[in-house]
Structure formats: C-alpha cells, structure tokens
Amino acid sequence: MALIECPSCQKRISSKATACSFCNADLTGNTDSLSTISHIKRSNQLMNHSMLSMTLFIAGVVIWFWGGEPAQGIRSYIASACFVLGFVGYMITRVRMVLHKRKSV
C-alpha cells in the first residue's frame, strides 16, 4: 500500500482507497477530470485573491487622496495600511499564481 495524492484535494491517501477520506472524491473512475477541475478551481481562487488585493490597494490610494489633498491623522494610517496590505497581498498572490501554473495538470 502506497500513499498517493488525491486528484481533487491533493491530500495524501492510500492507493487502495476507493474514495478520498478528506473530500469524498470517487477514485474508481477517471481521475484526470478531477485533477483538471481542482486545478481550475485553485486558479479561480487565486484570481479572486488577486482582485481583492488590488481592490485594497486602490482603496488605499483613494482614501489617501480623497478630498484633493493628502491624508492627515488617522486617515493617513488607514490609507497606508490599505496601500501596503494590498500591494504585499497582490505580490504574494502573483507569486503563488506563477508557482501554481508551473504544476502540470
């Protein structure tokens, strides 16, 4: 008995299992389609994270320049936090997307 990766959730399961104990995916039929569907779902999830980070970044810029002058006080802290978190989140998500696309389906 060897350990293999589930084509749906990528957790390690027994090679003799007929269904994944984590996601209950049926392993008796064609597992290539499960692998492809899982890859597409993960790609969509990463795209959503990327859009959320970009929205946070843009919100930081809008908050900073709202009203025609640079932010001061608490508004500057909020704008800076949104700006930094959005930028860092976007960069991390892009790296994760590149690493995800390198995996073969």
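Where is the place of N24?

Reply: N24 sits in the loop between β2 (12-14) and α1. Helices here are DSSP runs of H or I with at least four residues, strands are runs of E with at least two, and both are numbered from the N terminus. The model is predicted, so local features need pLDDT of at least 70, side-chain atom pairs count only at pLDDT 80 or more, and totals for chains, interfaces and linings use all residues. Residues are numbered from 1 along each chain as its sequence is written, and side-chain values use heavy atoms, with hydrogens and water left out.

Look at the backbone of N24. Its phi is positive, about 60°, although N24 is not a glycine. Most residues other than glycine have a negative phi. N24 also counts as exposed, because its relative accessibility is 62%. The cut-offs are these: buried is under 20% relative accessible area, exposed is over 50%, and partly exposed lies in between, with a 1.4 Å probe and protein chains only.

Now step into the helix that follows this loop. L34 is in helix α1. L34 is partly exposed, because its relative accessible area is 23%. L34 and S8 are 26 residues apart in sequence, yet their C-alpha atoms are 5.4 Å apart in space. M54 is partly exposed, at 28% relative accessible area. M54 and C20 are 34 residues apart along the chain, and 36 Å separates their C-alpha atoms.

Next, the helix pair. The axes of α1 and α2 come within 7 Å and cross at roughly 155°. Axes are lines fitted to C-alpha atoms, for helices over the stretch in contact, and angles run from 0 to 180 degrees between N-to-C directions. The two helices are therefore roughly antiparallel to each other. Under 35 degrees counts as roughly parallel, over 145 as roughly antiparallel, 65 to 115 as roughly perpendicular, and the rest as oblique. α1 passes α2 in a left-handed crossing. That means the near helix is turned anticlockwise from the far one by less than a right angle; clockwise would be right-handed.

Two distances touch this region. S76 is in α2, and its C-alpha is 6.1 Å from that of W64, 12 residues away along the chain. S76 counts as buried, because its relative accessibility is 11%. S104 lies in the segment after α2. S104 and H39 are 65 residues apart in sequence and 9.1 Å apart, C-alpha to C-alpha. S104 is exposed, at 70% relative accessible area.

Last, the surface. V61, F65, F83, V84, F87, V88, M91 and I92 form a nonpolar patch with about 710 Å² of accessible area together. Patches are made of residues with over 30% relative accessible area and no salt bridge; like charges are joined within 9 Å, and nonpolar side chains (Val, Leu, Ile, Met, Phe, Trp, Tyr) within 5 Å. A salt bridge is a side-chain nitrogen of Lys or Arg within 4 Å of a carboxyl oxygen of Asp or Glu. Accessible areas come from the Shrake-Rupley method with a 1.4 Å probe, and for residues only the protein chains shown count as cover. α1 (31-65) and α2 (74-102) each supply at least two patch residues. The largest share, 6 residues, comes from α2. F65, in helix α1, is exposed at 52% relative accessible area.
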